[in-house]
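Dear colleague,

Please find the structure below. My notes on its aromatic rings and nonpolar core follow.

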Amino acid sequence: MEYENFITSTTIEWMDTQENFTKSSIDSFETSTNITFTNVSTSVQRPVLSKYYPILAAELGLSIICSAILILIYVIIGEHRTLPGKNVISISLCLIVTYVLLMIDLLMRNMIPYDICFAMGVTVQTFFLATFFWTNVMSYDIMRTMASVKQDSEKSSKFWIYSIYAWTMTLLCILPAVIFDHSDLVPPAYKPKFGVKKCWLSGQIAFLVYFNAPVGLTLAANCVFFALTARTIVRVRSAAAILATNRHKKRYRLCMKLVLIMGLVWITEFIPWFTGIYWLYAIAGMLNCLHGVYLFLIFACKRRTLQQVADVVAWPRLNRSPPPVGKQTQSPSLVTVSTTVSS
C-alpha cells in the first residue's frame, strides 16, 4: 500500500495527518498490521497539512485569549456572577487548558517524551470532554429554569451539583480509556493510544469511540433539552409564567447558539472521512480550534455586556478626575447640615 493511499484511507482527525513517520514507527506498524509500505524512506516528510501549522497555532492562541477575556468579564461584572455565568466560566477554563496543551503538542511534539505526552493526552481528553458536558449542564439548567419559572437558578448549591455531574461524567469516559490503553485484553486497534502519534488520542477508531461518540451523545441530549424548553415556552399561559419565561429567553437563545455551533463543528469532522477529500481535514481542524472565539462572540459581544465593560474601564478614570475649577467639594458635615436645614 502506498503511503499516500494509507494516509487518505486511514485518518479521520485533522491532527492524525500531521505526524512524522520514522523508520522505527513504520516497522512497528508493519509488524502489528502485516501491511507493507513501499518506496518509503527512513524519514517520511510531513503531509501537506503541516503547512497549516501556523494558522492552527494562531487560532489556538486566539481562542485562549478570547476565553481568558470572557472569564475576566464575567468575574468583574457582578451581573454575570450567577449560576449561568459560572457555567460559562467553567467552559472557558476547560477550553483554555485544552488549547494550551494542544498548542504545546502542535509546536513541540517531537521534543516531548512519551510519558509527558501521555499525561498531556489524558489531560486534553479530560478537559475537552468536560467542555461538552458543561454545555450539557447549561442546556439542562435553562430547561429546568424555564419549567419551574422560579428564580432558584442562582443557588450556589446548584453549581456544585452541576460540577459533580460534569466531572463525574467526564471521569466515566476517561477512566475506561486509560485502563483500556494499558490492557492486553483490548485489541490495539481499539485502544486510545494516548501519546503514541501525538499528545492526545491516536487513530481513527480511537477518536470515534473515545471522543466523537460521547460528544455526539452529549449534543443529542442538548437537543432534547432545547426541544423540551421550546415546548415549555409555547405552553405558558399565565401572566407570571410569561414574564418569567421572557426573562430567560435571551439566555435560552445564547445557549442554543453555542450548542448549535459546537454541533456543526463536530459534524465537520466526519465530512473528510465520508468524502475522502483530503484538504477538508484542515478546515475541520481550523473550526475546532475556534471554540473559544465562538464562546466569546456569543456571550461577550453583546451591547449590554460591552457597555458594562466600558463603564468598568472608565470608572477609575472618572473617579480620579479633579473637581471642576472654581468649585470646591463640601465636607461631610456641611452636607449633613444643609440636608437637615432643607428638610
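Lys86 sits over the face of Phe159, 5.6 Å from the ring centre; a charge counts as over a ring if NZ of Lys or CZ of Arg is within 6 Å of the ring centre and within 35 degrees of the ring normal. The model is predicted, so local features need pLDDT of at least 70 and side-chain atom pairs pLDDT 80 or more, while totals for chains, interfaces and linings use all residues. Residues are numbered from 1 along each chain as its sequence is written, and side-chain values use heavy atoms, leaving out hydrogens and water.

The whole structure holds 17 aromatic pairs (rings of Phe, Tyr and Trp, the last by its six-membered ring, with centres within 6.5 Å; planes under 30 degrees apart are stacked, over 60 edge-to-face, the rest tilted). Tyr114 and Phe118 form a tilted pair, 6.2 Å centre to centre with 45° between the planes. Phe118 is buried, with a relative accessible area of 15%, whereas Tyr114 is partly exposed at 45% (buried means under 20% relative accessible area, exposed over 50%, partly exposed in between, with a 1.4 Å probe and protein chains only).

The rings of Trp200 and Phe211 have centres 5.3 Å apart and planes at 80°, so this pair is edge-to-face. Trp200 is buried at 4%, and Phe211 at 2%. Both belong to a cluster linked by ring pairs, which also includes Tyr99, Phe128, Phe132 and Phe207.

The largest nonpolar core has 73 residues (buried Ala, Val, Leu, Ile, Met, Phe, Trp, Tyr and Cys joined through side-chain atoms within 4.5 Å). Trp200 and Phe211 are among those with the most contacts inside this core.

Yours sincerely
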